[in-house]
Amino acid sequence: MSGIIFFKTVNLAKIREFYEGRLGLKLWKDQGKCLIFAHGSLKLGFCEGQASETGGIITFVYDSPAEVDASYARFEKIATGKPEISEYYKIYHFWARDFEGRSLEFQCFIEPEKKGTEKAEISILNPDKAKPKLLLTRMIPENAVDQLKQVFEVHANTEPRNLSKAELLQHIPQMDGLLCLLGDTIDRELLDAAPKLRVISNYAVGYNNIDIDYAKSKNIAVCNTPGVLTESTADLAWALIMAASRRIVESDKFVRRGEFVGWEPLLFLGQDLHHRTLGILGLGRIGEAVGKRATGFGMKILYHSRTEKSPSYEATRVDLETLLKESDILSIHAPLTDKTRHLIGKKELAMMKETAVLINTGRGAIVDEKELIKALQEKRIFAAGFDVYEHEPQIPQELLDLENVVVLPHIGSASFATRAAMGEMAAENAIAIVKGEKPKSRIV
Ligand code: DGY
């Protein structure tokens with residue numbers, strides 16, 4: 001199901017000039033006497049008629065006040081006032097008018113102000129003062145929670161949202177253990193507020209959310225969950241490779257819109273995968289598993305890694321420039337560190353083939369997202385598939401507006417079995433540390 005809001009107008013040509021030319025909306029359909037524009041999920045239609053309809057409000061919704069300000073800077077000339085907060089509607093917005101007098105509103109939602117001090121509903125799952133205390137920042141599969149309860153008094157955030165920094169700071173001082181997510185930032189401030197903390201068990205293989213060096217200096221063990229999520233994440237990278245290369249999501253939307261009227265010679269042409277070149281940035285466990293799947297497609301495999309690897313299949317180690325220039329598919333699996341942040345920027349994107357597809361299931365900030373959006377908008381590369389974002393969970397509207405991208409909500413490891421296995425490993429790691437045993441995977 002999708003919908004369109006229509007207005008009548010006496011001047012269709014000027015409407016196009018204004019909404020496409022000036023506001024930058026995408027012309028989604030030109031039906032001759034009717035134009036339909038798209039802005040994210042909003043579809044706005046104008047049909048030629050005897051009189052112009054101007055009632056109602058056309059509202060463009062952004063993700064952040066910064067985006068509202070940026071759009072004010074672009075549309076100041078048609079604005080009827082400056083951006084301001086409406087406490088009543090909990091929005092930040094400004095108004096403008098189109099040339100026929102329709103009201104346009106540009107806004108983002110703001111968080112309703114929290115009354116009093118922020119306080120999460122942390123539940124003590126198994127009150128037992130004799131046990132060390134562990135803060136579980138979000139519920140994970142039950143098997144793992146049961147394991148934790150054997151050894152810890154588990155203080156769990158049972159709400160379906162991540163804890164804020166203030167909430168983490170409020171609870172951490174009493175804790176001996178912390179089982180956290182990749183979305184929890186464990187920085188100096190938090191570690192300084194945790195005098196009893198002995199272990200941080202990250203429910204992820206990546207640990208760029210934790211200040212490892214500072215934790216080490218405070219003798220706090222940091223553990224992660226490598227291995228158990230390798231195959232699932234490689235499967236998902238391949239789902240993205242195929243979806244982006246063969247335009248699966250675009251085609252699916254097209255069929256659902258009822259636009260499929262029969263086989264067409266030029267309908268949704270995409271990029272082949274078989275016998276082409278897969279470039280892997282970071283041949284760790286997941287990168288290697290992605291490469292293994294490529295052998296079934298008869299692909300040539302190149303990789304760029306800090307060290308020479310010996311995967312179970314033929315793969316050639318190359319420098320970054322060769323990887324970028326020769327890959328038909330570039331799949332990113334390097335960890336996010338100071339060295340890999342924005343490793344793929346303007347210069348690197350310019351080296352890629354126009355037919356190339358970029359896939360990121362590693363960490364968003366390895367790629368300069370703004371530059372990648374520009375490359376995709378200007379069709380300097382063919383397509384991209386993302387499971388991760390530079391400022392997760394925020395995703396720029398410009399990225400969502402692109403047809404040649406597939407966007408997923410960081411679900412690389414999200415299979416029932418894998419998330420349960422990650423839970424088990426994260427629980428076992430935390431338990432091993434407090435028992436003075438060797439955990440399955442300790443970083444520091
Ligand atoms: C990780 O573990 O680092 C993934 O990004 C989530 O499973």
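Reader: Why are α3 and α14 called roughly parallel to each other?

Author: The axes of α3 (residues 142-151) and α14 cross at roughly 15 degrees, and angles under 35 degrees count as roughly parallel (over 145 is roughly antiparallel, 65 to 115 roughly perpendicular, the rest oblique). So α3 and α14 get the label roughly parallel. Axes here are lines fitted to C-alpha atoms, for helices over the stretch in contact, with angles from 0 to 180 degrees between N-to-C directions. Bear in mind that this is a predicted model: local features need pLDDT of at least 70, side-chain atom pairs count only at pLDDT 80 or more, and totals for chains, interfaces and linings use all residues. Residues are numbered from 1 along each chain as its sequence is written.

Reader: What makes the residues of α3 and α14 "meet"?

Author: Contact is called when C-beta atoms, placed from the backbone, lie within 7 Å. On the α3 side, Asn143, Ala144, Gln147, Leu148 and Val151 meet residues of α14, among them Ala420, Gly423 and Ile431. By class, that contact has nine nonpolar, three polar and two charged residues. Ala, Val, Leu, Ile, Met, Phe, Trp, Tyr, Cys and Pro count as nonpolar, Asp, Glu, Lys and Arg as charged, and the others, Gly among them, as polar.

Reader: How do you know that the length of α14 agrees with what a helix should span?

Author: The expected span is 1.5 Å times one less than the number of residues. For the 20 residues of α14 (416-435) this should be 28 Å, and the end C-alpha atoms are 29 Å apart, so the two agree. Helices are DSSP runs of H or I with at least four residues, strands are runs of E with at least two, both numbered from the N terminus. Just after α14 comes Gly436, with a positive phi of about 75 degrees.

Key. Contact = placed C-beta atoms within 7 Å.
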